[in-house]
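Dear colleague,

Please find the structure below, handed over for your own work. My notes on what was found in it follow.

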Amino acid sequence: MASLITTQGPFAAERLGPILPHEHIFVDVRPMDAPGFGAGEVEDVVALMVPEIEAIKARGFTALVECTPVGVARRVDLVRAVADAADFPVVVPTGIYREPWVPAWALAASEDEIHEWMMRELNEQIETTGVRAGWIKLSAGDDGITDAEAKILRAAARAGRETGALIGSHTIRA
């Protein structure tokens, strides 16, 4: 039986109807060293986003795919708080955004280390959130794939092949 890995655990395909495929509950595309980058209080994000989730539920949507990877302030704690408050399943990604938003740890990591990190997030949990990643989100720069982005893509391809996780890539100029 096919299932979707969400903040509320696996959801059987039979339980789902329409799904919003590309949403952001919390994202910050400023430079990572900007003051306040990724800052957000759970109560504030829940208060802002739960009414939006309730509105899409009223339109018949049964889940959404959160598309914020590492590098643009992925905050699974906030996403899970919103999903739990709204009683609504959200699919959260593993993966890393494009340069210059690739964090220093990923620039320094080997392809194998990034692959192992993705595998942990897909098979166990993201950080200490108790939420498993349900897919892999990447991005490529405007002027072609950089060496760092290629390394991340190769790691993602291996993780996707080994787990069956889908890979989505955000490209600016297609």
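**Sheet and covering helix**

Strand E7, which spans residues 135-140, runs parallel to E8 and is joined to it by five bridges. Please note that the model is predicted.

The two strands belong to an open sheet of three strands, ordered E6-E7-E8 and paired in parallel. Strand E6 (93-94) and strand E8 (167-171) are at the edges and have a single partner strand each, so one side of each lacks a neighbour in the sheet.

Helix H5, formed by residues 147-163, lies across E7 and E8. The direction of H5 is at about 160° to that of E7.

Thr6 is located in strand E1, which covers residues 3-6. Is Thr6 buried or exposed? Its relative accessibility is 3%, and buried means under 20%, so Thr6 counts as buried.

The side chain of Thr6 has two polar contacts to backbone atoms that may be of interest:

- A polar atom of the Thr6 side chain lies 3.0 Å from the backbone nitrogen of Gln8.
- The Thr6 side chain also reaches the backbone oxygen of Gly9, at 2.7 Å.

When neighbours within four places in sequence are left aside, Thr6 is in contact with Phe11, Pro89, Val90 and Val91.

With kind regards

How values were computed: Residues are numbered from 1 along each chain as its sequence is written. This is a predicted model: local features need pLDDT of at least 70, side-chain atom pairs count only at pLDDT 80 or more; totals for chains, interfaces and linings use all residues. Side-chain values use heavy atoms; hydrogens and water are left out. Two strands pair if DSSP finds at least two bridges between them. Helices (H or I, at least four residues) and strands (E, at least two) are DSSP runs, numbered from the N terminus. Contact means heavy atoms within 4.5 Å. Axes are lines fitted to C-alpha atoms, for helices over the stretch in contact, and angles run from 0 to 180 degrees between N-to-C directions. Buried means under 20% relative accessible area, exposed over 50%, partly exposed in between (1.4 Å probe, protein chains only). A polar contact is a pair of N or O atoms within 3.5 Å; within protein, one must be able to donate a hydrogen and the other to accept it, and residues adjacent in sequence count only if both atoms are side-chain atoms.
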